[in-house]
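Please look over the sequence and the model below before reading on. The report is meant for someone meeting this structure for the first time.

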Amino acid sequence: MHWTLNEVLLMGQTFEDLEIWKRGCRLAVATYEVLADAKDWGLRDQMQRAAVSVPSNIAEGYERTPKDFIRFLVIAKGSCAELRTQTYIAERVKLLPPDQCKPLIDESKQLSRMIQALINNRKQSLIT
């Protein structure tokens with residue numbers, strides 16, 4: 001699926017105006033919620049850190065130079081993949097049931113595609 005720039009980015013004055021930042025925050029909150037009762041402290045911690053890393057890197061990059069923004073978006077995209085991998089593992093070791101894993105996996109995939117679209121757009125704007 002491809003998004004228009006308006007769907008991916010609502011450029012305003014702050015990172016809080018970015019739709020991908022908002023979705024990243026919602027993904028982090030959802031991750032915390034499904035892991036609230038998880039007893040595997042190590043995997044829970046890793047998943048929470050990866051989830052929080054997504055909007056955190058988007059925000060940090062936004063506050064830097066355009067070139068740095070791209071670099072931080074790449075890191076955020078990597079954190080989406082990290083969270084997705086850990087969610088698959090959490091499901092396989094029965095830390096989380098499939099019905100709780102699927103929404104996290106689906107949203108991390110969609111968010112990753114949106115971040116890539118923004119990366120492509122920002123790279124293009126550096127060229128032109």
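This is a predicted model: local features need pLDDT of at least 70, side-chain atom pairs count only at pLDDT 80 or more; totals for chains, interfaces and linings use all residues.

What follows is a short report on the helices of this structure, their packing and a few of their residues.

Just after H4, Lys 94 takes a positive phi of about 65°.

Along H4, the buried residues are Phe 69, Ile 70, Phe 72, Leu 73, Ala 76, Ser 79, Cys 80, Leu 83, Arg 84, Gln 86, Thr 87 and Ala 90. These buried residues pack against three helices, namely H2 (19–34), H3 (41–62) and H5 (98–127).

The largest nonpolar core of the model has 34 residues, and those with the most contacts inside it are Leu 18, Ile 20, Ile 58, Leu 73 and Ile 115. The elements that give two or more residues to this core are H2, H3, H4 and H5. Leu 73, one of the buried residues of H4, is in contact with Ile 20, Ile 58, Ile 115, Leu 118, Ile 119 and Arg 122, when its neighbours within four places in sequence are left aside.

Two packed helices are described by the angle between their axes and the distance between the axes. The axes of H2 and H5 come within 10 Å and cross at roughly 160°, which means that H2 is roughly antiparallel to H5. The crossing in which H2 passes H5 is left-handed. On the H2 side, the residues that meet H5 include Ile 20, Gly 24, Leu 27 and Val 34, while the H5 residues that meet H2 include Leu 104, Ser 108, Ile 115 and Leu 118.

Arg 23, which lies in helix H2, is another of the residues that meet H5. Not counting residues up to four places away in sequence, Arg 23 touches Glu 107, Gln 110, Leu 111 and Met 114.

| Residue | Relative accessible area | Class |
|---|---|---|
| Arg 23 | 14% | buried |
| Asp 45 | 32% | partly exposed |

Why does Arg 23 count as buried? Arg 23 has a relative accessible area of 14%, and buried means under 20%, so Arg 23 falls in the buried class.

Methods:
Residues are numbered from 1 along each chain as its sequence is written. Side-chain values use heavy atoms; hydrogens and water are left out. Buried means under 20% relative accessible area, exposed over 50%, partly exposed in between (1.4 Å probe, protein chains only). Helices (H or I, at least four residues) and strands (E, at least two) are DSSP runs, numbered from the N terminus. Contact means heavy atoms within 4.5 Å. A nonpolar core is a set of buried Ala, Val, Leu, Ile, Met, Phe, Trp, Tyr and Cys residues joined through side-chain atoms within 4.5 Å. Axes are lines fitted to C-alpha atoms, for helices over the stretch in contact, and angles run from 0 to 180 degrees between N-to-C directions. Angles under 35 degrees count as roughly parallel, over 145 as roughly antiparallel, 65 to 115 as roughly perpendicular and the rest as oblique. A crossing is left-handed if the near helix is turned anticlockwise from the far one by less than a right angle, and right-handed if clockwise.
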